Amino acid sequence: DRLRTTPPADAVVLGAAGTSDPSGRADVRAAARLLSRHLGRPVAHGFAASAEPSLPEVVGDLRRRGARRVTVASYLLAPGFFHRRILDSGADSTGPPIGVHDALATLILRRYDEAAAAYGRIGEAPQRAVSRT
């Protein structure tokens with residue numbers, strides 16, 4: 001949905017913050033594959049900081065391979081430091097962060113319900129520690 005706010009482009013890159021955690025990098029690669037499937041076109045991925053490939057490198061590589069217009073799909077929840085890094089990546093356009101979106105809220109609520117059901121606490125009030133001082 002956020003890419004609908006950007007002009008058409010020859011190439012799309014999923015831009016994430018970056019992490020030293022291998023499973024976090026794998027999650028970004030998986031998200032780029034899912035976005036590629038959804039868009040029906042290749043989607044590269046790059047990181048704004050702390051991981052390879054760096055977003056500016058990916059944008060530059062796509063241009064060397066012939067992409068005239070490159071857009072970045074922001075894989076961030078909110079604007080801030082990392083989103084500014086994405087904006088400075090050399091891409092022609094950048095979608096806004098995921099932010100407040102119905103699909104995100106639905107996902108969070110579903111995951112909460114799944115976790116609560118797994119622990120058998122659906123419908124129960126949270127337990128509070130009682131201080132006896």
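Mentor: Two strands pair if DSSP finds at least two bridges between them. Helices (H or I, at least four residues) and strands (E, at least two) are DSSP runs, numbered from the N terminus. This is a predicted model, in which local features need pLDDT of at least 70 and side-chain atom pairs count only at pLDDT 80 or more, while totals for chains, interfaces and linings use all residues. Residues are numbered from 1 along each chain as its sequence is written, and side-chain values use heavy atoms, with hydrogens and water left out.

Let us consider strand β1, residues 11-16. Five bridges join β1 to strand β2 (residues 43-47), and the two run parallel. Within this pairing, Gly-15 has Gly-46 of β2 as its bridge partner.

Now consider the side chains. In a regular strand they alternate between the two faces of the sheet. In β1, Ala-11, Val-13 and Gly-15 point one way, whereas Val-12, Leu-14 and Ala-16 point the other way. Each of these residues is buried, that is, under 20% relative accessible area, where exposed is over 50% and partly exposed lies in between (1.4 Å probe, protein chains only). Because six of its six residues are buried, β1 is largely enclosed by the rest of the structure.
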